[in-house]
Amino acid sequence: IKPDIIHRFLTSRGKRCGRSALQTTCSTLRGFLGYLYRREIIGIDLRPAVIGPRIYKHEQCPRYLTRSEVDAVLAAIDRRTAQGRRDYAMVMLLAVYGLRGIEVIRLRFQDIDWRKQLLQIEQRKAGNCTTYSLSALVADAIVAYLQQGRPTSRHRDVFLTMSAPYRPLATGDCLGNLVKKYLTIAGVRVAHPGTHSFRYSCAKRLFDHGM
């Protein structure tokens with residue numbers, strides 16, 4: 001093994017991956033070469049020959065949204081329309097509870113206990129159910145949609161499509177595409193935009209509060 005071979009390997013690798021992934025490769029390679037040298041399998045310490053890219057802190061978009069960015073996305077939704085009221089209620093559920101997109105579109109009327117002010121999310125990814133206190137802001141958003149946006153339907157799903165035949169939203173991708181649209185309208189850039197952007201934001205908010 002010679003430095004030239006290492007350089008050619010890293011150059012080839014760099015054409016097929018990003019700078020962050022290449023940095024990880026370099027770190028692994030240095031560890032392996034150090035092991036070979038310590039075991040006297042190779043006679044020269046080749047770790048200095050592994051030159052990786054420089055990665056700067058915060059150079060990439062974060063995966064979560066700040067509180068002001070969440071507010072900007074919510075403000076970008078036109079609540080004067082029926083679809084806007086529906087979309088606002090769904091995004092509020094993402095922002096306040098950090099739910100997955102599929103958990104929002106599967107929400108049914110029996111999952112909301114208006115009298116006790118509770119919200120229950122069933123069939124979660126881990127197989128469990130979770131009960132939350134029903135946020136007043138979320139409740140108001142859902143009520144506004146039910147009264148002035150949701151079409152008459154025999155479906156028990158809270159959120160329906162906006163064109164006939166009215167039916168439940170098919171997949172979490174439907175909501176994910178809407179989130180991407182509102183992020184763009186709000187001018188908010190985030191790595192891997194989608195419903196999980198709000199999930200990470202909720203987790204970050206809880207972590208900042210010591211949870």
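This is a predicted model: local features need pLDDT of at least 70, side-chain atom pairs count only at pLDDT 80 or more; totals for chains, interfaces and linings use all residues.
Student: What is the value of phi of Gln117?
Tutor: Gln117 is a residue other than glycine, and yet its phi is positive.

Student: Which residue in S2 is the bridge partner of Asp113?
Tutor: Strand S1 covers residues 112-113 and pairs with S2 in the antiparallel sense over 2 bridges. For Asp113, the bridge partner in S2 is Leu118.

Student: How many bridges join S2 to strand S3?
Tutor: Strand S3 is made of residues 130-133, and S2 and S3 run antiparallel. As one point of reference along this pair, Leu118 stands opposite Ser133 in S3. The number of bridges that join S2 to S3 is 4.

Student: Which strands stand at the edges?
Tutor: The 3 strands form an open sheet with antiparallel pairing, and their order is S1-S2-S3. A strand at the edge has a single partner strand, so one side of it is left without a neighbour in the sheet. The strands in that position are S1 and S3.

Student: Which residues of strand S2 make up its covered face?
Tutor: In a regular strand the side chains alternate between the two faces of the sheet. Strand S2 runs over residues 118-121, and its uncovered face holds Leu118 and Gln120. The covered face of S2 is made up of Leu119 and Ile121.

Student: Is Asp87 buried or exposed?
Tutor: Asp87 is found in helix H4, which covers residues 82-97. Leaving aside its neighbours within four places in sequence, Asp87 is in contact with Ile77, Leu178 and Tyr182. Because a relative accessible area under 20% counts as buried, the 1% relative accessibility of Asp87 makes this residue buried.

Student: How far apart in space are Asp87 and Ile77, C-alpha to C-alpha?
Tutor: In sequence, Asp87 and Ile77 are 10 residues apart. Ile77 is one of the residues in contact with Asp87 once its neighbours within four places in sequence are left aside. The C-alpha to C-alpha distance between Asp87 and Ile77 is 7.3 Å.

Student: What is the relative accessible area of Ser201?
Tutor: Ser201 is found in helix H8, made of residues 195-208. With its neighbours within four places in sequence left aside, Ser201 is in contact with Tyr64 and Leu65. Ser201 is buried, and its relative accessible area is 6%.

Student: Is Glu40 buried or exposed?
Tutor: Glu40 is found in the loop between helix H2 (19-38) and helix H3 (67-75). Its phi is near 60°, a positive value in a residue other than glycine. Because a relative accessible area over 50% counts as exposed, the 71% relative accessibility of Glu40 makes this residue exposed.

Student: Which residues does a cis peptide bond join?
Tutor: The place to look is the loop between helix H6 (136-148) and helix H7 (172-186), where Pro165 lies. The cis peptide bond has an omega of about -5°, and the residues joined by it are Ala164 and Pro165.

Student: What radius of gyration does the protein chain have?
Tutor: Along its principal axes, the C-alpha trace of the protein chain spans about 75 × 35 × 35 Å. A compact globule of 211 residues would have a radius of gyration near 17 Å, whereas the protein chain has 24 Å.

Key:
Residues are numbered from 1 along each chain as its sequence is written. Side-chain values use heavy atoms; hydrogens and water are left out. Buried means under 20% relative accessible area, exposed over 50%, partly exposed in between (1.4 Å probe, protein chains only). Two strands pair if DSSP finds at least two bridges between them. The radius of gyration is taken over C-alpha atoms; the globule rule is 2.2 Å times the number of residues to the power 0.38. Contact means heavy atoms within 4.5 Å.
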